[in-house]
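This report describes one protein chain for a reader who has not seen it before. The sequence and the structure come first, and the description follows.

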Amino acid sequence: MRAFLGGGKALFRSISRTPEVRQALFCPNAPTRFCGARLTTTPAPYLSKMDVVPESIKSSLIVSSYKEELRRRQRVSTAYFDFPLKKMTGEDSGSIQLATSVFKMPIRTDILQRVVLWQRAKRRTLARQVKTRAMVSGGGKKPWKQKGTGRARQGSTRAPQWRHGGKAHGPAQRSFAFGCPKKVRRLAVRTALSTRMAEGRVVVWESDKLDQYKTAQLKSMVEKWGWSDVLLITGPEVDSNMALASRNLYWFDVLPCIGTNVMSILKRRQLVLTRSAVEHLQQHLLRL
């Protein structure tokens, strides 16, 4: 899309005047694919055939924002399967519909490795940084006059060649981060969830609510499940009692659904999701 619209808004306005392009952009049942300078209206195989933009929104958008709205509302086509829903105590609580495009994806280790490197690079920092001549205290006065002493000219006693001077070309704080497309990040999260599902290490709880914030109570309940390395992903808000009860268990991590990431999923062997987390994750991860 960016390559096709590389000339900016003026180019988009000019090409959108043609009937073919206007039909392709405004047709809700034929998501558009841009390939270089060529535009096709054939639906891509990974797109849902649903009406991606309702009529109420279609009439209120101008051409430039309509194109963005069309792209944002495209969805990954998927089927659903039944998965048992459990209570925290282990009792059955019915079933829940899980998307195959989220929990039964092919295991792409290359995608997982790419996103793990991206996450580690973003969090990477230097252990320490040295002080340059500008950071060292003192040295504001010229040691001796420029000429007439027979000694080499000096401007500061904090220059790198002086004892107690600053360090030249030493390590400095910098960012090691590099870019990673959002589509790749979503694909990696879906792959990580599918990896745990293929291993049989996924459990869906009805809720994460605890009646009291007792670490011993949570520990005994988790031990009944036979777990010793757990990641719990909840809804948008983590239950306060759950957060307090689990913070002293080093092997039990709790994340809101907005914080779901590949490294946290792969770090713990057992993955526990709540019903609210499944609904929010599927809504987000089925976007392109």
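## Terms and basis

Two strands are said to pair if DSSP finds at least two bridges between them. Helices (H or I, at least four residues) and strands (E, at least two) are DSSP runs, numbered from the N terminus.

This is a predicted model, in which local features need pLDDT of at least 70 and side-chain atom pairs count only at pLDDT 80 or more, while totals for chains, interfaces and linings use all residues. Residues are numbered from 1 along each chain as its sequence is written, and side-chain values use heavy atoms, with hydrogens and water left out.

## The chain as a whole

The protein chain holds 11 helices and 8 strands. Of its 288 residues, 39% count as buried; buried means under 20% relative accessible area, exposed over 50%, and partly exposed in between (1.4 Å probe, protein chains only).

The accessible surface of the protein chain is about 17500 Å², and carbon and sulfur atoms account for 51% of that surface. Such areas come from the Shrake-Rupley method with a 1.4 Å probe, and for residues only the protein chains shown count as cover. A contact means heavy atoms within 4.5 Å. Among contacts between residues at least 6 apart in sequence, 63% join residues at least 24 apart.

Strand β8 covers residues 270-274, and because 5 of its 5 residues are buried, it is largely enclosed by the rest of the structure. Q270, V272 and T274 point one way from β8, while L271 and L273 point the other way.

Strand β5 (residues 202-205) runs parallel to β8 and is joined to it by 4 bridges. W205 stands opposite T274 of β8. Strand β6 (residues 230-234) is also parallel to β8, again with 4 bridges, and L231 has L271 as its bridge partner in β8.

## Nonpolar cores

A nonpolar core is a set of buried Ala, Val, Leu, Ile, Met, Phe, Trp, Tyr and Cys residues joined through side-chain atoms within 4.5 Å. The largest one has 39 residues, and F83, L98, F103, L193, I233, V262 and L273 touch the most other members. Helix α7 (residues 182-198) gives the most to this core, with 7 residues.

Leaving out residues up to four places away in sequence, L273 touches F103, V202, V203, V204, W205, I233, V278 and L281. A second, separate core of 16 residues includes M88, M221, F252 and V272.

## The second largest pocket

On a 1 Å grid over the protein atoms alone, a pocket is an open set of points with protein on both sides within 12 Å along at least five of seven lines, and lining residues have an atom within 4 Å of a point. Grid points are joined across faces, edges and corners, and a volume is the space filled by probe spheres set on the points.

The second largest pocket has a volume of about 560 Å³. It is lined by 20 residues, of which R186, I258, T260, H284 and L285 are the closest to its centre. Helices α6 (109-123), α7 and α11 (275-285) each supply at least two lining residues. The largest share, 5 residues, comes from α11.

## Two single residues

S246 is found in helix α9 (residues 240-246) and counts as buried, at 5% relative accessibility. Not counting residues up to four places away in sequence, S246 touches L218, F252 and V254.

D92 is found in strand β4 (residues 92-99) and is exposed, with a relative accessible area of 57%. With the same exclusion of residues up to four places away in sequence, D92 touches L85, K86 and K87. D92 and W205 are 113 residues apart in sequence and 9.5 Å apart in space, C-alpha to C-alpha.

Notes: 1 Å grid on protein atoms, 1.4 Å probe; cavity = no way out; pocket = protein on both sides within 12 Å on 5 of 7 lines; lining within 4 Å.
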